Amino acid sequence: RTVCDTAHELNTRVVAHCRNSASTRDAARAGVDLIYHASYMDDEALEAVLESGSALCPTFTLLGNLADYGAKVGSAPELLEVFRAEIAVTATQMAKAHAAGVPFLIGSETGFAVTPVGEWHARELEMFVQYMGMTPMEAIVAATRNGAFAMRMEGEVGTLEVGRLADVLIVDGNPLADVRIL
């Protein structure tokens with residue numbers, strides 16, 4: 001709590017990587033602004049996230065890629081099912097968090113062998129739709145408008161509005177009908 005309070009006094013956000021329910025709960029109670037993973041989050045941790053207003057970034061892509069391609073990068077075969085099981089358990093609580101209004105950000109846990117820099121970001125949108133029940137537009141908002149939060153650029157980027165900075169991606173098809181187009 002002291003670290004979070006001090007950071008907030010200095011207008012600095014706090015981010016934490018939490019791989020279990022207790023760490024997610026404790027980070028939220030301490031005032032962490034953005035929690036990565038929140039794996040195995042239980043109802044008590046979800047309540048703490050709701051009370052604190054923390055945002056979540058589950059980074060399903062790392063787990064999905066490990067489950068799908070882990071054997072190619074040397075993961076033990078028995079771990080592939082562990083990765084799939086973590087997605088399933090985590091996704092259930094993430095869907096509850098989404099339904100309760102917790103803000104989500106897209107993140108791919110870039111920088112590992114199965115999530116190289118500059119690759120795989122769009123898969124996270126697909127996984128939000130597939131595992132959390134988000135609509136394609138909700139996933140796109142998590143990647144764009146909510147992403148501005150992580151960069152501390154709310155009101156400057158993240159939406160297509162007059163006076164904002166933006167890159168525009170033009171695709172052949174409708175990502176609102178099938179987010180995999182992205």
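The chat below goes through helix packing, cysteines and a few loop residues.

A: Happy to. This is a predicted model, where local features need pLDDT of at least 70, side-chain atom pairs count only at pLDDT 80 or more, and totals for chains, interfaces and linings use all residues. Residues are numbered from 1 along each chain as its sequence is written, and side-chain values use heavy atoms, with hydrogens and water left out.

Q: Let's start with helices. At what angle do H2 and H3 pack?

A: Helix H2 (residues 21–30) and helix H3 (residues 43–52) pack at about 20°, and their axes are 8 Å apart. Helices here are DSSP runs of H or I with at least four residues, strands are E runs of at least two, and both are numbered from the N terminus. Axes are lines fitted to C-alpha atoms, for helices over the stretch in contact, with angles from 0 to 180 degrees between N-to-C directions.

Q: So what do we call that arrangement of H2 and H3?

A: H2 and H3 are roughly parallel to each other. Angles under 35 degrees count as roughly parallel, over 145 as roughly antiparallel, 65 to 115 as roughly perpendicular and the rest as oblique.

Q: Which residues meet there?

A: From H2, Ser 21, Thr 24, Arg 25, Ala 28 and Arg 29 meet Glu 44, Ala 45, Ala 48, Val 49 and Ser 52 of H3. Contact means heavy atoms within 4.5 Å. By class, the contact of H2 with H3 has four nonpolar, three polar and three charged residues. Ala, Val, Leu, Ile, Met, Phe, Trp, Tyr, Cys and Pro count as nonpolar, Asp, Glu, Lys and Arg as charged, and the others, Gly among them, as polar.

Q: And H5 with H6, how are they set to each other?

A: H5 and H6 pack at an angle of about 85° with axes 9 Å apart, and are therefore roughly perpendicular to each other. Ile 87, Ala 91, Met 94, Ala 95 and His 98 of H5 make the contact with Met 127, Tyr 131 and Met 132 of H6. The residues of this H5 and H6 contact divide into seven nonpolar, one polar and no charged.

Q: Is H4 mostly covered or mostly open?

A: Helix H4 (residues 60–69) is mostly covered, with eight of its 10 residues buried. Buried means under 20% relative accessible area, exposed over 50% and partly exposed in between, using a 1.4 Å probe and protein chains only. Among the buried residues of H4 are Phe 60, Leu 63 and Asn 65. Their cover includes helix H5 (77–99) and helix H6 (121–132).

Q: Switching topic: how many disulfides?

A: The count is zero, where a disulfide is a pair of cysteine sulfur atoms within 2.5 Å.

Q: Where does that leave Cys 57?

A: The sulfur of Cys 57 is 12 Å from the closest cysteine sulfur, in Cys 18, too far for a bond. Cys 57 is also buried, at 2% relative accessible area.

Q: What about phi at Ala 38 and Tyr 40?

A: Ala 38 has a positive phi of about 55° although it is not a glycine, and Tyr 40, also not a glycine, has a positive phi of about 60°. Most residues other than glycine have a negative phi. Ala 38 is in the loop between strand S2 (34–37) and H3, and Tyr 40 lies in the loop between S2 and H3. Ala 38 is buried, at 0% relative accessible area, whereas Tyr 40 is partly exposed, at 37%.

Q: Last one: where is Gly 111?

A: Gly 111 is in the loop between H5 and H6, and counts as exposed at 53% relative accessibility.
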